[in-house]
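Look at the model below before reading on.

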Amino acid sequence: MIRALLISNSGRPFLQEYLPEIADFLGPVRRLGYITAARLGDAESRYAAAADALRGIGVVAEHFQADTALPARIEAAEAVFVGGGNTYALLQRLRECGALVALNARVRRGMPYIGTSAGSNIAGFNILCTNDWNVVGATRFDAMGLVPWTLNPHYLETDPAMAPGSETRDDRIREYHAVNANPVLGVEESTAIRIEQGSAKVVGRGRAKLFRRGLPPHWLTAGESLPLALHAAAE
């Protein structure tokens, strides 16, 4: 029953390149809660930008903040959109106010879920492939497990700005697989993963790269699907 749209980045102008996909994904839903718990500042301005963009497709966004009222607001919501920022802060704040359990339960009962960046990260098996720093000192990294992968939004195979000899994302993902067996999905900018009807599909202008321990990485382009029952080649 899981329906999710996991977006790599918000883009500029904010969300504009994703609005047709968001509108199609939401269908008749006209109201959603926008969670800004990943922000380490500027939460109000980020909510305002999201609300303005979504208004263009006829969707009203309410500001859902990480407080004691959030679990009940999630329970009553038609859909939830979790914005980007610091993944560690997001996961910790949602867990502390009891909203992570509520959100997970509602999505598993069929509520549409949209995430960008950090909001996409928490849909995965854990958040250990985020690019963020753990500035909040979080000590738990397991996430909702809506999909069997750990996600790496903003994935870059090569970065010309990096110093020669610097570790690439692929190097770091190999390190992850030295101690973790579950797959990793790197999602390029301008790309999203749409999950519904028991499968996942790459959408947008970029690609996704699937890493499975013991197997060569595999690129997926827009329109290609991958099953939600993926296992590592070696345990």
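How many helices and strands does the protein chain have? The protein chain has seven helices and 12 strands; both are DSSP runs numbered from the N terminus, with helices being H or I of at least four residues and strands E of at least two. The model is predicted, so local features need pLDDT of at least 70 and side-chain atom pairs count only at pLDDT 80 or more, while totals for chains, interfaces and linings use all residues. Residues are numbered from 1 along each chain as its sequence is written, and side-chain values use heavy atoms, with hydrogens and water left out.

Of the 235 residues, 53% count as buried, meaning under 20% relative accessible area with a 1.4 Å probe, protein chains only.

Next comes the sheet. Strands of a sheet pair through backbone hydrogen bonds, either parallel or antiparallel. Here eight strands form an open sheet with mixed pairing, in the order β3-β2-β4-β5-β1-β8-β9-β12; two strands pair if DSSP finds at least two bridges between them. β3 (60–64) and β12 (225–227) stand at the edges with a single partner strand each, so one side of each has no neighbour in the sheet. β12 runs antiparallel to β9 (residues 199–204), and three bridges join them. Ala200, for example, has Leu226 in β12 as its bridge partner.

On a 1 Å grid over the protein atoms alone, a cavity is a set of points where a 1.4 Å probe fits but cannot get out, whereas a pocket is an open set with protein on both sides within 12 Å along at least five of seven lines; lining residues have an atom within 4 Å of a point. A volume is the space filled by probe spheres set on the points, which are joined across faces, edges and corners.

The structure holds one cavity of 30 Å³ or more. Its lining includes Leu6, Ser120 and Val187, and β1 (4–7) and β6 (150–153) each supply at least two of the lining residues.

The largest pocket has a volume of about 180 Å³. Helix α7 (residues 169–179) gives the largest share of its lining, four residues. Among the lining residues are Cys129, Asn152 and Tyr176.

Conventions: Buried < 20%, exposed > 50% of the residue type's maximum accessible area, 1.4 Å probe, protein only.
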